[in-house]
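Q: Hi! Could you walk me through a few bits of this one?
A: Happy to, let's have a look.

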Amino acid sequence: MPSLSNSPVIFVRNLTKTYRVPERESGLGASLKSMVRRSYQDVKAVQEISFSIQAGEMVGFIGPNGAGKTTTLKMLAGILYPSEGAAQVLGHIPWKRETAYLRRISIVLGNKSQMLWDIPPLDTFGVLGEIYSLPAAEYRNTLDELVDLLGMEEVLKKPVRNLSLGERMKCELVAGLLHRPAVLFLDEPTLGLDISIQRRVRDFLCQYNQRYGVTVLLTSHYMADVMALCPRVILIHHGKLLYDGRLDGLAQQLAPFKLVRLTLNHGISTTNALDLPPNAEIIEQENSHLTLRVDREAAPSAAAYLLDKLAVTDLTIEDPPIEAVMDQVYQEGNV
Amino acid sequence: MRYLRLIDRFIKVSFVEEVSYRANFWINLLHSLLNLITGVLGVYVIFGQIDTLRGWSYAETLSVLGVYLTIQALRNLFIGPSLDALAGMDGEVWSGNLDFTLLRPMSIQFLASFRRWRLFALFDLLLGLGVLVYAAISMDQALSISNIAMFLLTLLFGAGILYAILLAFSALVFWSPGVMFMWIFDGVFQLARYPLGLYPGWVRLALTWIIPVGVITTIPAQALRGGLSMERLAFSLVMAVILILCASIFFRAALRRYASASS
């Protein structure tokens, strides 16, 4: 289905998913009781989130465990029905699971495998080629290209159960991309991988996106993934959308504080209290180095105060590292 | 055509999967033979004492067992393993791997019914057919072409009925993942080893109308001995069509329930 160039590929409006979860106390008595009468609790996994994504964008979908990322991804892929709200991907309503839609999307889940366990990956790929009715030549070309990009020639003929996690993840990516989807949903594609394979996967996704303009929505707990791949992030927490915008704007908007790093021209003794600006908090202290946390607005005056009161040889003001910002948001649950 | 090619592919892949566990071959062989021996022995012991049982002769009763073994073999060839991959222990509903299956651009019921093959079951199929041939030869009357045709038709309908029941039982798993509903069915299906006529009236009714496993084996056996009316043939066809339709609708409704195991 052709979509207008300026209309979004993914369009989400007030999407909501409520799970009904059986609830019971621990112990034999409670479990017997629950066989007769079960009580349920409504869990709001996703609450009225809205966003849209343009063709070719790579968007990072971030948030703590249980934030509702995977649920949203699965609704957009068509695996789950939403409780309320609307979504369109490539002009289709995902959960209708129309064949024309399913041929153009793919999902790769870091903690689930679509490979057949006891046979070499090549056989699984063959089955997928048949399921998506790919012409033989096209199948061959795509496979060769993906295998080349991922550098995994040697694993094609080993049984999947004998592959390492990293090798298997490469297979999952190939399996997900054989039919050349226009939209790719990636749920923690680097989960549990070592640093160099993580990088390899990132490089691959970056190249693939540039080459084919595939639209990617990616979740990951590794901020390195998000920083390397996604200029734009969507942050959700407790099922609610907290932030949607550029990654580098996240810290500015989310962290109400800045870090002031100081180097003094003398060592810091623990006994003598330093003369610090009001509301400044020491978060790190080593020899003559000191890191303070100050309110964002108070940063300039705090710097002036410090330069005035202390023998400073070096002073920098910076945004806190993205991990620290995320940690704070995750713990406090608001922006 | 695409679906036939896919079945071909599934068979090949399943073969490769199977040969990677070679020890299973011998276990399967033993299991098949034990299954055959206990079945035949049961019938043999009874008919060592009497000539007919409620109108069923030794050969006729054996033919019911033959149908039972043949249909079980067909089940174990692909319907059973395929549905097991969906709803069995470690099945996709339980593990959440149905996520991938749901996103295939094709009939999910087709995938759920045809994607796993257990080629060992071909041996069971031979044994079942062997019992059938032996029973047919031992019968008093000669086999006519029309009897054989009726037999093959009713066997096909019987397999259809079994498929519908299995599909419906598998779909139940969407309401309670991890509950092995199929085990209940297996217990009941054991009753289909013997002619429906041997059972008391209420059991006969239950095995015809509630869980129609009796129909699956008894009617083809009746067709083979030549005592099958056109009404029964039609009954068996209509039942197969209705059950397959209902089971498919039920299966589709069940898929809608799938909540996907948590990430």
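Q: Which residue in strand 13 of chain A stands opposite A:Leu262?
A: That would be A:Leu315. Bear in mind that this is a predicted model.

Q: And how many bridges join strand 10 of chain A to strand 13 of chain A?
A: There are 6 bridges between strand 10 (residues 257-264) and strand 13 of chain A, and the two strands run antiparallel.

Q: Is strand 13 of chain A largely in the open or mostly covered?
A: Strand 13 (residues 312-318) of chain A has 7 residues and the number buried is 0, so it lies largely in the open.

Q: What about strand 3 of chain A, how many of its residues are buried?
A: In strand 3 (residues 58-62) of chain A, 5 of 5 residues are buried. A:Met58, A:Gly60 and A:Ile62 sit on one side, with A:Val59 and A:Phe61 on the other, and both faces are covered.

Q: Which strands does strand 3 of chain A join?
A: Strand 7 (residues 215-219) of chain A runs parallel to it, with 4 bridges, and A:Val59 stands opposite A:Leu217 there. Strand 8 (residues 232-237) of chain A is also parallel to strand 3, again through 4 bridges, and here A:Gly60 faces A:Val233.

Q: Switching to chain B: at what angle do helix 8 and helix 12 cross?
A: Roughly 25°, with the axes of helix 8 (residues 145-171) and helix 12 (residues 230-257) of chain B coming within 8 Å. That makes the two helices of chain B roughly parallel.

Q: Left-handed or right-handed?
A: Helix 8 of chain B passes helix 12 of chain B in a left-handed crossing. The residues in contact include B:Phe157 and B:Leu167 of helix 8 and B:Leu243 and B:Phe250 of helix 12. By class, that contact has 20 nonpolar, 3 polar and no charged residues.

Technical notes. Residues are numbered from 1 along each chain as its sequence is written. Chains are lettered from A and ligands numbered from 1 in the order in which they are written. This is a predicted model: local features need pLDDT of at least 70, side-chain atom pairs count only at pLDDT 80 or more; totals for chains, interfaces and linings use all residues. Axes are lines fitted to C-alpha atoms, for helices over the stretch in contact, and angles run from 0 to 180 degrees between N-to-C directions. Angles under 35 degrees count as roughly parallel, over 145 as roughly antiparallel, 65 to 115 as roughly perpendicular and the rest as oblique. A crossing is left-handed if the near helix is turned anticlockwise from the far one by less than a right angle, and right-handed if clockwise. Two residues are in contact if their C-beta atoms, placed from the backbone, lie within 7 Å. Ala, Val, Leu, Ile, Met, Phe, Trp, Tyr, Cys and Pro count as nonpolar, Asp, Glu, Lys and Arg as charged, and the others, Gly among them, as polar. A residue is buried if 20 or more other C-beta atoms lie within 10 Å of its own, exposed if 12 or fewer, and partly exposed in between; C-beta atoms are placed from the backbone. Two strands pair if DSSP finds at least two bridges between them.
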